[in-house]
Amino acid sequence: TKGEVFATRMGDIYDETGNPAFRTRTFKDMDAPPSRWRDEIFDCFNLDLFHPFNMNAVFCPHVALAQVMARVQTTNTGDPVVALKSRTSICTYVWFMLFLIIVHTTYFSYLFVAEPRGDAFLIATMPLIGLDVLLLCYFISMVIHTRRELRTEYDIPELRCRGCEDCCLSLFCTCCTITQMGRHTADYEVYRGYCCTETGLASHIEVKLPSEFIVDDESTRADFV
């Protein structure tokens, strides 16, 4: 039923005595229109210019993508989750990016001190260039896969470049593609956006998808009210 709300108590945090504490997560219908996008791909400014999701998509696109992937319940490899705790986490992406920054800084500091010349410098930088290319390919592939999964979930047909729309838009309009997915999976006119939560919404709000919800009941039984 449209607008129906589900709440579940999840024992995945603990109080000061070490006993399981409970928090309530509420599944909300984001009122996404059926079989079409909420708005067009270049309608980024339908939200405020400094909206948290816009800022993430421009300056931390991996975080914005992780938030969309968490909303549609997929893992870091793009597979459907079997438990909420196994879905994509922004913490994984943030720590990994910090690790990459440290690796790049350390490596280029070494090159600056060693001062290799000509071909030696090119050869020395090849490992990092190769790593960056692989990570870029992974990121683009996850944007493509997430957009395809989201279209399937909401029964949205391709409108342009039939057969390769997801690839073309994800490759050439990456930020706009991510922001469109973010706007479609959250009703920002009703719910406030956040930069650093798992879904980009309040921590107690989960997005109600058209398909069945997946609830983590491995550690505790979920009671619906």
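This is a predicted model: local features need pLDDT of at least 70, side-chain atom pairs count only at pLDDT 80 or more; totals for chains, interfaces and linings use all residues.
**Cysteines, aromatic pairs and loops**

With a relative accessibility of 25%, Cys-168 counts as partly exposed, because that label is given to values between the limit for buried residues, under 20%, and the limit for exposed residues, over 50%.

How many disulfides does the structure hold? It holds zero, and Cys-91 is accordingly in no disulfide, with the nearest cysteine sulfur, that of Cys-196, lying 9.2 Å away. Cys-91 has a relative accessible area of 42%, so this residue is partly exposed.

From the cysteines we can turn to the helices. Helix α1 covers residues 52–59, and its buried residues are Pro-52, Phe-53, Asn-54, Asn-56 and Ala-57. The cover over these buried residues includes helix α2, at residues 61–71, and helix α6, at residues 174–184. Helix α3 runs from residue 90 to residue 114 and contains Ile-101.

The aromatic rings give another view of how parts of the chain are arranged, and the structure holds three aromatic pairs. In one of them, the ring centres of Phe-53 and Tyr-188 are 6.4 Å apart and the ring planes meet at 40°, so the pair is described as tilted. This pair links distant parts of the chain, for Phe-53 lies in helix α1 while Tyr-188 lies in the loop between α6 and β3 (205–208), and the two residues are 135 residues apart. Both Phe-53 and Tyr-188 are buried. In the pair formed by Tyr-107 and Phe-108, the ring centres are 6.4 Å apart and the planes stand at 90°, so this pair is edge-to-face. Tyr-107, at 26% relative accessibility, counts as partly exposed, and Phe-108, with a relative accessible area of 40%, is also partly exposed.

Finally, the backbone deserves a careful look. Most residues other than glycine have a negative phi. Ser-35, however, has a phi near 60°, a positive value in a residue other than glycine. Ser-35 is located in the loop between β2 (20–29) and α1, where its relative accessible area of 36% makes it partly exposed. Which residues does Ser-35 contact, once its neighbours within four places in sequence are left aside? They are Tyr-154, Asp-155, Ile-156 and Pro-157. Although Ser-35 and Asp-155 are 120 residues apart in sequence, their C-alpha atoms are 4.8 Å apart in space.

A positive phi is also found at Cys-161, with a value near 50°, and this too is a residue other than glycine. Cys-161 has its place in the loop between α4 (119–154) and α5 (165–172), and a relative accessible area of 45% makes Cys-161 partly exposed.

Note on methods: Residues are numbered from 1 along each chain as its sequence is written. Side-chain values use heavy atoms; hydrogens and water are left out. Helices (H or I, at least four residues) and strands (E, at least two) are DSSP runs, numbered from the N terminus. A disulfide is a pair of cysteine sulfur atoms within 2.5 Å. Buried means under 20% relative accessible area, exposed over 50%, partly exposed in between (1.4 Å probe, protein chains only). Contact means heavy atoms within 4.5 Å. Rings of Phe, Tyr and Trp (its six-membered ring) pair if their centres lie within 6.5 Å; planes under 30 degrees apart count as stacked, over 60 as edge-to-face and the rest as tilted.
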